[in-house]
Amino acid sequence: MMGSSPPWERGQLPSPCLCACSAICLGSGRGRSWCRDGSQTRGGTGCRGGAWPGPGRVRPRRWSWRQHQPYILLAVATPCREQIHQEVQDYYGKELQKSEDLKTNACVTSARPLPKAVRDALEHVHEEVVARYYGCGLVIPECLLSCRILDLGCGSGRDCYLLSQLVGEQGHVTGIDMTEGQVEVAKKHIAYHMNKFGYRKPNVEFLHGYMEKLGDAGLADESYDIVISNCVINLTPDKKAVLQEAFRVLKPGGEMYFSDVYASQRLSETIRKHRVLWGECLAGALYWRDLYSITEEVGFSPPCLVTASPITIGDKELEGIIGDCRFVSATFRLFKVPGGSRAGPGQVIYNGGIMGHERELVFDANFTFKEGEVVDVDAEMAAILQSSRFAEQFLIQAGASATAAQGNCCKGAKEKICNPFQLLEQLAAPGPACCPRGTCGPPGCC
């Protein structure tokens, strides 16, 4: 039949796709449409992604090859949402059996040593869960007792079982992942861990679902104190949807604490269409500056950069495809600061009440708080500390010195570090590095 094969095989030119993945549909005919992954639906609405929800369902009557050639190349190059999801699931559920199977260190990088409490907790996690762990940083924030935590892209559940011990029996941890095989690994060890931890009833649960659609998994508005994510947001084609959902399920004053892979520039189509680079957490990496604009649109406070570590590519073929683009594993923290909490700069004193951080709390790359010391903070940090779970750990007073109002703490005024690649350079520089704001970090800073 004329309409039974994709139109490009019959010499017809493409028409705009009306599906939710915003692709270019590779032709249509006799009530059918073909998307760039070869999928087909009836009714001319586009690929399996569904009908485009907005206006503009206008299909030109006459096509110009010269005019539309760039769009044709885009359609062939970029996989659509469902194809990305399926290939990522196959990569992590079938091809990778252990972390040693990875071709880069993007998914196994840790930016700083694990605290003793976390090291001790890790010893209680089942060996199969640890072996199937793929993460790019430390996503264990401070001050966790009795908190409700959601882990986006929990995989085999390593971080969930770590957090289960740190939140205590009265806390709760939910893990969600789109790869069914990984969720099955996590679920089958619940009884083992609850017995190991001495809990009478489970304080963890694992759900199969998508982090862009947490509502489909039954997760309600303002139901979690903390959302974590460890090297998985890069695996989704819609980063903004993930952050919007995280913002929705967080309570006012809640935090998103997450590690991920970031690029030094916006990625080329060659990189973005590469199947292995998707699975290795690189093809979906966000340009680091775009994180700041997306979080502002969603409603989060400006990102606090915590740590950064370099990513190395151990495969010559992949190095040739990537070219001069650099990648970094970085940990950020975002806060859902209520509108009424935003004020001016202030002065804070840390009381040393957080377990494992009694003498000093390294909050991020710009602020380190030492017990009993007065620290000038800018308006952003003052609002974060005042509205979050950290409020009880600080004495907060309005008003600050002129130096703090300008956002500097050290001699020789320096800007706040927001760029993870800049932080890498600072960490690699010889001699003590000076913390730009707040109390100076490394000994002998000022």
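By class, how many nonpolar, polar and charged residues are in the lining of the second largest cavity? Let us walk through the structure and find out. This is a predicted model, in which local features need pLDDT of at least 70 and side-chain atom pairs count only at pLDDT 80 or more, while totals for chains, interfaces and linings use all residues. Residues are numbered from 1 along each chain as its sequence is written, and side-chain values use heavy atoms, with hydrogens and water left out.

We begin with the cavities. On a 1 Å grid over the protein atoms alone, a cavity is a set of points where a 1.4 Å probe fits but cannot get out, and its lining residues have an atom within 4 Å of a point. Grid points are joined across faces, edges and corners, and a volume is the space filled by probe spheres set on the points. Searching the whole structure gives 3 cavities of 30 Å³ or more. The second largest cavity has a volume of about 70 Å³. I233, N234, K239, L243, F258, D260, V261, Y262, G284, L286 and L291 line the second largest cavity.

Helices (H or I, at least four residues) and strands (E, at least two) are DSSP runs, numbered from the N terminus. Helix 8 (239-249) and strand 8 (250-263) each supply at least two residues of this lining, and strand 8 gives the most, with 4 residues. Now for the opening question: the lining of the second largest cavity has 7 nonpolar, 2 polar and 2 charged residues. Here Ala, Val, Leu, Ile, Met, Phe, Trp, Tyr, Cys and Pro count as nonpolar, Asp, Glu, Lys and Arg as charged, and the others, Gly among them, as polar.

Y262, one of the lining residues, leads us to the aromatic rings. Rings of Phe, Tyr and Trp (its six-membered ring) pair if their centres lie within 6.5 Å; planes under 30 degrees apart count as stacked, over 60 as edge-to-face and the rest as tilted. By this rule there are 14 aromatic pairs. The rings of Y262 and F332 have centres 5.4 Å apart and planes at 80°, so they form an edge-to-face pair. Because Y262 lies in strand 8 and F332 in strand 11 (residues 327-335), this pair ties together parts that are 70 residues apart in sequence.

F335 lies in strand 11 and F363 in the loop between strand 13 (360-362) and strand 14 (368-370), so parts 28 residues apart in sequence are tied together. F335 is buried, with a relative accessible area of 1%, and F363 is buried at 0%. F335 and F363 also belong to one aromatic cluster with Y350, F367, F369, F390 and F394.

Charges can meet rings as well. A charge sits over a ring if NZ of Lys or CZ of Arg is within 6 Å of the ring centre and within 35 degrees of the ring normal. R148 lies over the face of Y224, at 4.8 Å from the ring centre, and the charged end of K336 sits over the ring of F247, 4.7 Å from its centre.

Definitions and conventions:
1 Å grid on protein atoms, 1.4 Å probe; cavity = no way out; pocket = protein on both sides within 12 Å on 5 of 7 lines; lining within 4 Å. Buried < 20%, exposed > 50% of the residue type's maximum accessible area, 1.4 Å probe, protein only.
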